[in-house]
Amino acid sequence: MLRPIRTLAAAAAALALVSACNSASGSSSPGSSSPGKPGAAGNSRGVSADSIKVGGIVSMTSASGYSKKDTDLGAKARYLRANAEGGINGRKIDYLGAEDDGQDPAKNMAAARKLVQQDKVFAVAPMSSVTFSGADFLEQEKVPTFGWGTLPSFCGPAYIYGFNGCLVPSPGGTLNQTWPEGIGQLLGGAQGKSVAVIANDSDAGKFGIRTFQQGFAAAGFKVAYAKASVPATAVPSDWSAYVKEILASNDGKAPDAVVSVMQTPNNIGLFTALKRSGYQGLLSDPTDYDPGLLAKDATKQALDGVHVLLQFQPFESSDPKMAQFKADVRAAAGGQDVPLSMHTLTGYMSADLFVSIAQKAGKDLTVESFQAAAQGFSDTGTLVGDRSEPKGQKDSFGCGALVQLRGGAYEVSVPFSCRRPIPFK
């Protein structure tokens, strides 16, 4: 029952239509029930006697050319297997595919409204974008929503879940220490070592600087540089000013590590400029684990030696669940082997957490029964470690790994493990 992904032109037309309808009709009533499930109590929008309607919101396109489109394939792969195994308590998942928000806040909101008011989905899984302006709307409409918990909206709301927990908490939450402690391990210890952290000039970038500055300091690093100064709307053509500032940030010397909290186009520009300057320290980012990047020699060269943060088992893992993931993606791609990326796994694990909680909710599936099941949900040994709710709406699950691109291939540099999170202040 999975539907093919719509074309960008069709999506744009639909979004335009929805925007026009929204201005005239207003919002649907939170908590209202939808027809098709006789006898259901509470909010059963998108649930019929034999199906559950689910949609996604993904940045398929962006002004910089960066794309998370593989997120949609990952979600499709998990839903296809769930349906092949009998669905969720006898109901098949009717996955509508993902709306493209183009990393545009207005389109993100429009996509959320379309999925709820026009398509009447029960859940949004996955939601993968650097903008999540539709979060308040989805929370108000009581729509269970799943994605990578790298935005503040995944931390605190009752209906929004990060597949690996909350990674950008508010005070009182915790921080995942995989990145700073892993880099410390690679450098032979953090004591006496310095790090520079750089991000885009955006709300997400500023929050990233705040969190990682605290995490690296707690691990024992001297944070020599921490700025959200790179324009978020376009990739700089000249990185010399940033490089000059970073290389003098450690009391006039270069830091031991440079950590970029940015996307691939920015990382390529920054790391290339640092290497050309003669920088010999450790380079790291949380984005560039994507075999598709190895297809171009220039990209492969720019990212060679970079350690990439993962919050899941590396694809190189021998874990049986990783073998299952690869088989599911291959089936969703029509039997073809396709390059795997962290976006593929983002979609897959977002869908997996939704499926796992919905299974526990039982045959009488409503938003209320789903939320009740989530409140006592836990499992172990997944591709993102041990999961539990509602812990994940406040804290990270604390697990991760680092991989390094070397000679055109990724190698595990710090194996997947779960570390004790630290309090976020």
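Let me start with a cut-off: buried means under 20% relative accessible area. Keep that in mind. This is a predicted model.

First, the overall picture. The chain has 12 helices and 16 strands. A compact globule of 425 residues would have a radius of gyration near 22 Å, and this chain has 21 Å, which agrees. Along its principal axes, the C-alpha trace spans about 70 × 45 × 45 Å. By our cut-off, 56% of the 425 residues count as buried.

Now charges. There are 40 positive and 37 negative side chains. The centres of the two sets lie 2 Å apart. The structure holds 14 salt bridges.

Take R419 and E181. Their side chains meet in a salt bridge, 3.4 Å from N to O. R419 sits in the loop between strand 15 and strand 16, while E181 is in helix 5, and 238 residues separate the two. Is R419 buried or exposed? Its relative accessible area is 18%, so R419 is buried. E181, at 30%, counts as partly exposed.

Next, D352. D352 and R78 form a salt bridge at 2.8 Å, N to O. That pair links helix 11, which holds D352, to helix 2, which holds R78, across 274 residues. D352 is buried at 11% relative accessibility. R78 is buried too, at 8%.

D352 has another partner, R387, with the closest N and O atoms 2.9 Å apart. R387 lies in strand 13, so this pair ties together parts 35 residues apart in sequence. R387 is buried, at 2%. Shared partners join R78, D352, D379 and R387 into one salt-bridge network.

Conventions: Residues are numbered from 1 along each chain as its sequence is written. This is a predicted model: local features need pLDDT of at least 70, side-chain atom pairs count only at pLDDT 80 or more; totals for chains, interfaces and linings use all residues. Side-chain values use heavy atoms; hydrogens and water are left out. Helices (H or I, at least four residues) and strands (E, at least two) are DSSP runs, numbered from the N terminus. The radius of gyration is taken over C-alpha atoms; the globule rule is 2.2 Å times the number of residues to the power 0.38. Buried means under 20% relative accessible area, exposed over 50%, partly exposed in between (1.4 Å probe, protein chains only). Lys and Arg count as positive and Asp and Glu as negative; His and the chain ends are not counted. The place of a charge is taken as NZ of Lys, CZ of Arg, CG of Asp or CD of Glu. A salt bridge is a side-chain nitrogen of Lys or Arg within 4 Å of a carboxyl oxygen of Asp or Glu.
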